[in-house]
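Here's a quick tour of a two-chain model, written for someone who likes cut-offs spelled out. Have the viewer open as you read.

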Amino acid sequence: MQASTELYDVKVVRYFIIAALVWAVAGMFIGVVLAAQLYWPALNFDSEYIQFGRLRPLHTSGVIYGFVVNILMGTSLYIVQRTGKTKLFNHSLAWMVFWGWQLILVLALITLPLGYTTSKEYAELEWPIDILIVIVWVLYAVLFFGTIAKRTVHHIFVANWFFGAFIIVIALIFILNNLALPAYFMKSYSVFAGAQDAIVQWWWGHNAVGFLLTAGIIGMNYYFIPKLAERPIYSYRLSIIHFWGLVGFYTWAGTHHLVYSSVPVWVQNIGIVMSLILWLPSWAGAFNSAMTLLQNKAKLKTDYIMWFFMSAILYYCLATFEGPLLAIRWFNMLAHNTEWIIGHVHSAALGWVGMSGIAVFYYFIPRLWGQNGLWSQKLLKWHFWLAHLGVALYAIALWVAGIGEGYMWLAQQENGSLAYSFVEAMDFKAPWLFVRFFGGACYVLGLLLMVFNLYKTVTVKLEVNQDAK
Amino acid sequence: MLSKDFTQSLVILIVATVLVASFSIVVLIVPNLVRTDEIRLRSMAIPLTAVQVAGRDVYISEGCHVCHTQMVRNIDPEVKRDGRANKEADDIYEYPNLWGSKRTGPDLTNLGRKYSDQWQRIHLMNPRQVVPTSLMPAYPWLFEQVLSGDDIEDKMRALQTLGVPYTDSEIDKARLAVKGMTKGEALVQYLQSLGQDTAGDQER
């Protein structure tokens with residue numbers, strides 16, 4: 001590692017990974033607060049700044065732009081150097097991207113609680129911050145692709161295709177969705193209205209999931225899973241199918257968020273069909289990653305970091321099966337706008353993205369600081385089971401709550417009158433919202449164990465090393 | 001260069017990804033964006049008044065759309081519960097759309113005049129006074145904070161540019177109409193307007 005720090009730019013990678021860790025804990029902690037507010041409304045404290053409506057975008061932005069984008073920027077800038085056997089394209093550019101992105105996150109942290117929002121889901125930040133995001137994103141693209149361009153090996157490694165698609169598509173959809181006319185500083189109106197705006201919004205919304213939370217994480221895993229398993233990727237051909245399947249079909253699927261809405265029926269149907277097709281490349285990719293891990297059965301038996309990756313893949317399978325299912329009209333009629341959708345998002349976000357991220361933190365952070373093992377395997381085990389308990393409780397609670405309320409909203413008596421009032425459906429799900437809060441809290445508690453374990457790993461072993469000298 | 005593929009050439013990787021990913025823009029997005037005039041012809045929508053615009057921006061700023069939808073799907077029990085189903089042409093002045101994605105509270109598409117102004121005020125001040133098991137936060141500050149009206153002309157001019165048919169005299173009068181109102185009063189006026197323009201349309 002000592003030698004490689006001179007060969008590669010590693011310091012900026014460390015900064016990105018620490019930022020990702022901080023935002024993971026902060027963003028998910030805010031999520032637990034929100035879950036508590038939905039059970040104890042008094043926790044809104046009659047405060048303008050932390051009431052649910054303003055806090056929720058801070059949770060989603062914190063997790064997506066804080067945790068996920070930071071970890072993807074950090075790992076992509078590391079992987080692109082290692083797999084291209086070259087230093088970063090430009091050292092100062094890397095720091096501009098890092099500090100630029102952290103500035104954006106701090107601005108989000110300030111402006112969202114103050115009520116500056118476009119209302120567009122996962123794109124709430126107002127226009128001056130959007131412009132800043134575009135600038136930093138372009139710099140990041142130049143840095144990443146510039147580094148690929150100066151690689152000293154012939155082949156572009158699989159992970160970099162996925163990171164490349166993540167960077168390109170996010171730029172494309174972010175700009176189109178955020179086209180807005182500023183009324184004045186920090187207030188703008190979308191240039192699209194009503195049904196047209198909704199189509200653009202969900203084209204963005206679903207692709208943010210597709211390219212940030214899926215393609216980006218897949219890119220990261222295509223490097224770290226083989227590294228950790230000490231085996232090559234199971235099938236190169238499958239990774240090509242996985243890649244073009246995702247890029248080709250994902251951008252079409254967003255309108256499944258608008259089934260039964262007032263957008264044209266053909267637009268809805270394209271979204272439904274393409275979502276069903278997406279199932280295939282998703283499971284092909286999951287199979288590829290799972291087989292890579294399974295090639296080293298001996299390590300899989302004892303290594304809980306391997307188990308975190310394996311769990312992430314299984315949750316990816318669940319989410320990419322549940323997604324197409326929810327796009328089917330009958331299921332959509334029942335599930336649309338209910339807690340089931342929140343549960344679906346979180347089995348992917350906590351199960352797939354979260355556990356992939358956790359595995360990378362555990363594997364990567366000790367190595368970035370020149371250590372080989374973890375401070376405590378016992379804490380790692382505790383974290384593993386806490387995380388699983390958390391996601392399972394979360395998903396089960398919201399399956400019950402969501403399917404229950406969806407059924408109650410639609411149920412009619414024989415004479416055609418509605419069987420339940422809205423309040424009755426709300427009261428039915430209340431205890432399940434508590435279970436969800438508890439599940440989320442377990443998950444965050446696990447994260448805190450990880451932070452403590454990694455802190456000890458990095459600091460204690462350093463002391464031992466110094467004593468040895 | 002043409003003898004290479006995307007695994008060897010950065011240019012091919014970038015160009016191919018852009019092309020493949022943007023195919024959906026051409027098929028799905030653009031055909032809908034160019035239909036504005038056609039959609040407007042069928043619309044019964046009436047632009048919001050200055051006060052209602054101010055109220056709508058309070059709705060956005062407080063994040064009401066996070067928990068309330070404004071999209072009644074054309075499904076029998078849903079129409080029974082929430083009133084007339086949305087049509088494509090209803091929301092032509094909705095910059096941006098406020099359809100939402102989660103129904104933690106009820107749908108608000110046709111909320112207007114369902115409850116009195118007084119009920120809306122009490123409910124916003126403390127929802128649990130009228131709905132004991134409500135999960136909604138209380139919004140007491142809305143009735144303390146007063147709107148200056150200084151920004152309303154800029155807002156309406158932006159909306160006018162985008163295509164809401166405000167006359168210049170409407171915009172000139174906007175500031176005085178809004179000035180001195182609390183945020184809560186403006187919000188209640190917006191809520192009472194919801195669904196009023198399409199209330200006469202019974203066709204499904």
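Let's start with a strand pairing: Tyr184(A) has Lys187(A) in β2(A) as its bridge partner. Pro182(A) is likewise bridged to a residue of β2(A), namely Ser188(A). The two strands involved are β1 (residues 180-184) and β2 (residues 187-190) of chain A, which run antiparallel and are joined by 4 bridges. For strands to count as paired, DSSP has to find at least two bridges between them. β1(A) and β2(A) make a hairpin with 2 residues between them, and Met186(A) in the turn has a positive phi of about 70 degrees. Strand and helix labels are DSSP runs numbered from the N terminus (E, at least two residues, for strands; H or I, at least four, for helices).

Some housekeeping: this is a predicted model, so local features need pLDDT of at least 70 and side-chain atom pairs count only at pLDDT 80 or more, while totals for chains, interfaces and linings use all residues. Residues are numbered from 1 along each chain as its sequence is written, with chains lettered from A and ligands numbered from 1 in the order in which they are written.

**Helix pairs in chain A**

| Helix pair | Axes come within | Crossing angle |
|---|---|---|
| α3 (residues 52-84) and α5 (residues 127-149) of chain A | 9 Å | roughly 15 degrees |
| α7 (residues 194-229) and α8 (residues 236-250) of chain A | 11 Å | roughly 165 degrees |
| α9 (residues 265-294) and α11 (residues 304-327) of chain A | 8 Å | roughly 165 degrees |

Take α9(A) and α11(A): the crossing angle makes them roughly antiparallel, a label for angles over 145 degrees, whereas under 35 degrees counts as roughly parallel. α9(A) passes α11(A) in a left-handed crossing, meaning that the near helix is turned anticlockwise from the far one by less than a right angle. Among the α9(A) residues in this contact are Trp279(A), Trp283(A) and Leu293(A), and those of α11(A) include Phe309(A), Tyr316(A) and Phe321(A). Contact here requires C-beta atoms, placed from the backbone, to lie within 7 Å. By class, the contact of α9(A) with α11(A) has 17 nonpolar residues, 6 polar and no charged. In that scheme Ala, Val, Leu, Ile, Met, Phe, Trp, Tyr, Cys and Pro are nonpolar, Asp, Glu, Lys and Arg are charged, and the others, Gly among them, are polar.

What about α3(A) and α5(A)? These two are roughly parallel to each other, and their crossing is left-handed. On the α3(A) side the contact uses Met73(A), Ser76(A), Leu77(A), Val80(A), Gln81(A) and Gly84(A), and on the α5(A) side Tyr140(A), Phe144(A), Thr147(A) and Ile148(A). That contact of α3(A) with α5(A) splits into 6 nonpolar, 4 polar and no charged residues.

α7(A) is roughly antiparallel to α8(A), and this crossing is left-handed. Asn207(A), Gly210(A), Thr214(A), Ala215(A) and Tyr222(A) of α7(A) meet Ser239(A), Leu246(A) and Tyr250(A) of α8(A).

**Where the chains meet**

The contact between the chains takes 68 residues from chain A and 64 residues from chain B. On the chain A side, α7(A) gives the most, with 9 residues. The chain A side divides into 38 nonpolar, 22 polar and 8 charged residues.

Chain B is divided into domain 1 (1-34) and domain 2 (47-193), with bounds from an automatic or database domain assignment. Their centres, taken over C-alpha atoms, are separated by 41 Å.

Which peptide bond is cis? The one from Tyr95(B) to Pro96(B), with omega near -10 degrees. Pro96(B) sits in the loop between α4 (76-82) and α5 (117-125) of chain B. Over in chain A, Asp46(A) has a phi near 50 degrees, a positive value in a residue other than glycine. Asp46(A) lies in the loop between α2 (11-37) and α3 of chain A.

Note on methods:
Axes fitted to C-alpha atoms, helices over the stretch in contact; angles between N-to-C directions. Parallel < 35°, antiparallel > 145°, perpendicular 65-115°, else oblique. Contact = placed C-beta atoms within 7 Å.
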